[in-house]
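Here are my notes after going through this one, as numbered points. Have a look at the structure first, then read on.

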Amino acid sequence: MSKKIGLLTLFFVLMFGTMSFAHGGGLDSKGGHNCSPKSQAKGLCSGYHYHNGGGSSSESSTSTTSQPTATRNDKDCSDFATYDEVIEYWNSKGYSATNDPEKLDGWGNKVDDGIPCEAPSGYDKTKINNSPEQIQFKQEQSDTENGEKQGYNQGLKDGYAEADANDTTSEGSEAFKSGYSTSYTNGYEDGKKKIESEKTKANKDGYALGNKQDKITIPEVYSKHPGLKASFESGFNKAVSERIEAKKKEYQDLGYKDGKEDTYSPPKETQDAFVKAYQEGYDKAQEELKNEYYDMGYEAAFAVLKFKDPKLPNDKFTEWYKKGFNANEEIEKIKDAGYLSGETGEEYTFPSEFKKGEEIFKHYYQEGYKKYEEKQNKIKLPLLAVLD
């Protein structure tokens, strides 16, 4: 009976001793415990290891003495089903490399790098609060945002100033430079749109002033920016020019009217440009009037054999008329053709090539025909004398 009791006692000692080494939770008297198969399969730990300043791994690996399970409140990496659970717990506690009371950072390898437990290969460590990767990631984000802000503001300024675009900077990190370059272009385009809109308004304001007065006065809001100043001046000058051209047209029309009526009343005490416009209108009308009387005289030459006073309002019109009359060279051709036709004894026929001047042609035909008859009579007289 006592033998059986001894065997059972040995069995339980061995069993519980083994369980103590395989336990994945409590710590033994040396501050360590064995990694469970489940945790090993997940890659969270391997073999016997220490927590909270326990003995060395070499000491534990050679120990075969069972230790009683310790009661604790902290977590071990082997307590989590997935690595995401590790990170969720770590982040919720606000732990870091310098704030890790549960010794999750460096667990299994004692490296305090701000990464709890053992991160799986390829895991996004920027998710881990206070990790070097997250700190670097946030710094790059901050640099990018600052670069974007400064780049946009500088681009807006350059675009508005109508300066040459330059989206590069020698300041800051690569993230800062990248953000600067990207946002500079957007700012530059917005700056260009803004100044173009203001230039349009400046041009309209200048035009409105130019319609009211001849002397330009540039508002201070436009005089400080070269582009706005130029736009205002352009609008003003356009309006003034249009007013001058409209006024010149009025004087030109007045001069034309006076020229047609053969009266001359140029504007007094006004700009030379307006006097010149009046003169241009007047001269144009006088030239047209001259051509009218010239043509009248030219046409009259087809109907009369000699110039007759047309009884026009003044000597100037008569002179123009007479010049036209004398300039009609077609009459000479009609005279010559008529005289030649009569001189040859042809039967009278007005040639179709002459559309006008039949009276002239007929008169000279008769003159020529008389000549023809005289020649014929001279031929007949010697014949009659012979016959007698």
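1. K335 is the one I'd start with: its relative accessible area is 17%, and because the cut-off for buried is under 20%, K335 counts as buried. Keep in mind that this is a predicted model. K335 pairs with E332 in a salt bridge, with 3.6 Å between the closest N and O atoms.

2. How many salt bridges does a search of the whole structure find? The search turns up 19. In one of them, D253 meets K249, and the closest N and O atoms are 3.0 Å apart. These two are four residues apart in helix α8 (residues 226-260), again about one turn of the helix. D253 is partly exposed at 38% relative accessible area, and K249 is partly exposed at 43%.

3. Another salt bridge is E174 with K177, where the closest N and O atoms are 3.8 Å apart. Since E174 and K177 are three residues apart in helix α6 (residues 174-210), about one helical turn separates them. E174 is exposed, with a relative accessible area of 59%, while K177 is partly exposed at 26%. There's also a network of salt bridges that links E162, E196 and K199.

4. On to the nonpolar side. The largest nonpolar core has 16 residues, and the ones touching the most other members are Y293, F317, I331 and I334. Helices α9 (272-300), α10 (315-326), α11 (330-343) and α12 (358-387) each put at least two residues into this core.

5. Last, the cysteines. The search of the whole structure gives one disulfide, and it joins C77 to C117 with an S to S distance of 1.7 Å. The pair ties together distant parts of the chain, 40 residues apart: C77 is in the loop between α3 (57-62) and α4 (83-93), and C117 is in the loop between α4 and α5 (132-161). The torsion about the S-S bond of C77 and C117 is about -95 degrees, so this disulfide is left-handed. Are the two cysteines buried or exposed? C77 and C117 are both buried.

Notes. Residues are numbered from 1 along each chain as its sequence is written. This is a predicted model: local features need pLDDT of at least 70, side-chain atom pairs count only at pLDDT 80 or more; totals for chains, interfaces and linings use all residues. Side-chain values use heavy atoms; hydrogens and water are left out. A disulfide is a pair of cysteine sulfur atoms within 2.5 Å. Buried means under 20% relative accessible area, exposed over 50%, partly exposed in between (1.4 Å probe, protein chains only). A nonpolar core is a set of buried Ala, Val, Leu, Ile, Met, Phe, Trp, Tyr and Cys residues joined through side-chain atoms within 4.5 Å. A salt bridge is a side-chain nitrogen of Lys or Arg within 4 Å of a carboxyl oxygen of Asp or Glu.
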